[in-house]
Amino acid sequence: MPIDYIPYLRKKVGHERILSVGLSCLILNEKNEILLEKRQDNGLYCRPGGSLDLGETVIEGIKREVFEETGIRLKEVSLFMILSGEKMQIHYPNGDITDYTDLVFLSHVNSKDITLKIQDGESTALEFFPLNALPPEDKMLTGTMYALRKLQKGDRTLTID
């Protein structure tokens, strides 16, 4: 049975800087619009996702995180890019500091087949945006734009930094 890893680790290290495996997904609809969530903790937009839990496979993790945050049950995902390094460090409002190695996936949905539903209390909004009409970059969570820029260019090759 998977263990909710970040709360488990934070009980041991408090707000100290940690490394975590992040999982996020670029979800495109039939109009080639991208789903973004607006975070409750800082009001910034980001890709749906979260952290891999102990005892969980990467595929189980991304499907769980997307379902928890959006209500979408992903069928197929493909690895799009891996982001890491200082650009992926997030300072949370509660003082936590996390350096993510983020596995970014790509998935497609048909808007008629899904019902967006915030289920975990981590988001205040879920919205599809045209790739040429995204929220301003200063309203995006750290690291979010790297994958979006690559997607805007039509680059679907796997990128690892």
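How many of the 11 residues of β1 are buried? Before I answer, a word on what we are looking at: this is a predicted model, in which local features need pLDDT of at least 70 and side-chain atom pairs count only at pLDDT 80 or more, while totals for chains, interfaces and linings use all residues. Residues are numbered from 1 along each chain as its sequence is written, and side-chain values use heavy atoms, with hydrogens and water left out.

To the answer, then: nine of the 11 residues of β1 are buried, so this strand is largely enclosed by the rest of the structure. By buried I mean under 20% relative accessible area, with exposed meaning over 50% and partly exposed anything in between, using a 1.4 Å probe and protein chains only. The names of the elements come from DSSP runs, where helices are H or I with at least four residues and strands are E with at least two, numbered from the N terminus.

What does β1 pair with? It runs parallel to β7, and 11 bridges join the two; Leu26, for instance, has Leu106 in β7 as its bridge partner. Strand β1 is also joined to β4, in the antiparallel sense, by three bridges, and there Leu23 stands opposite Gly50. I speak of pairing where DSSP finds at least two bridges between two strands.

Strand β5 in turn pairs with β9, residues 159-160, in the parallel sense over two bridges, with Met81 having Thr159 as its bridge partner.

The buried residues of α2 are Gly61, Ile62, Arg64, Glu65, Val66, Glu69 and Thr70, and they pack against β1, β2, β4, β7 and β8, where contact means heavy atoms within 4.5 Å. Just after this helix comes Gly71, with a positive phi of about 85°.

Helix α3, residues 144-152, has Thr144, Met145, Ala147, Leu148, Lys150 and Leu151 as its buried residues, and what covers them includes β1, β2, β3, β5, β7 and β9. Gly154 follows α3, and its phi is also positive, near 80°.

Two loop residues deserve a moment. Most residues other than glycine have a negative phi, but Asn32, which is not a glycine, has a positive phi of about 65°. Asn32 is found in the loop between β1 and β2 and, at 37% relative accessibility, counts as partly exposed. Arg17 sits in the loop between α1 and β1 and is partly exposed as well, with a relative accessible area of 47%. Leaving aside residues up to four places away in sequence, Arg17 touches Glu86, Gln89, Ile97 and Asp99. The C-alpha atoms of Arg17 and Glu33 are separated by 35 Å, although these residues are 16 apart along the chain.

Finally, the pockets. On a 1 Å grid over the protein atoms alone, a pocket is an open set of points where a 1.4 Å probe fits, with protein on both sides within 12 Å along at least five of seven lines, and lining residues have an atom within 4 Å of a point. The largest pocket has a volume of about 850 Å³, a volume being the space filled by probe spheres set on the points, which are joined across faces, edges and corners. Its lining has 36 residues, of which Arg39, Gly50, Tyr92, Tyr100 and Glu122 lie nearest the centre. Which element gives the most to that lining? It is α2, with four residues. The lining divides into 10 nonpolar, 12 polar and 14 charged residues, where Ala, Val, Leu, Ile, Met, Phe, Trp, Tyr, Cys and Pro count as nonpolar, Asp, Glu, Lys and Arg as charged, and the others, Gly among them, as polar.

The second largest pocket holds about 240 Å³ of space. It is lined by 14 residues, and those closest to its centre are Arg73, Leu74, Lys75, His108 and Val109. The largest share of this lining, three residues, comes from β7.
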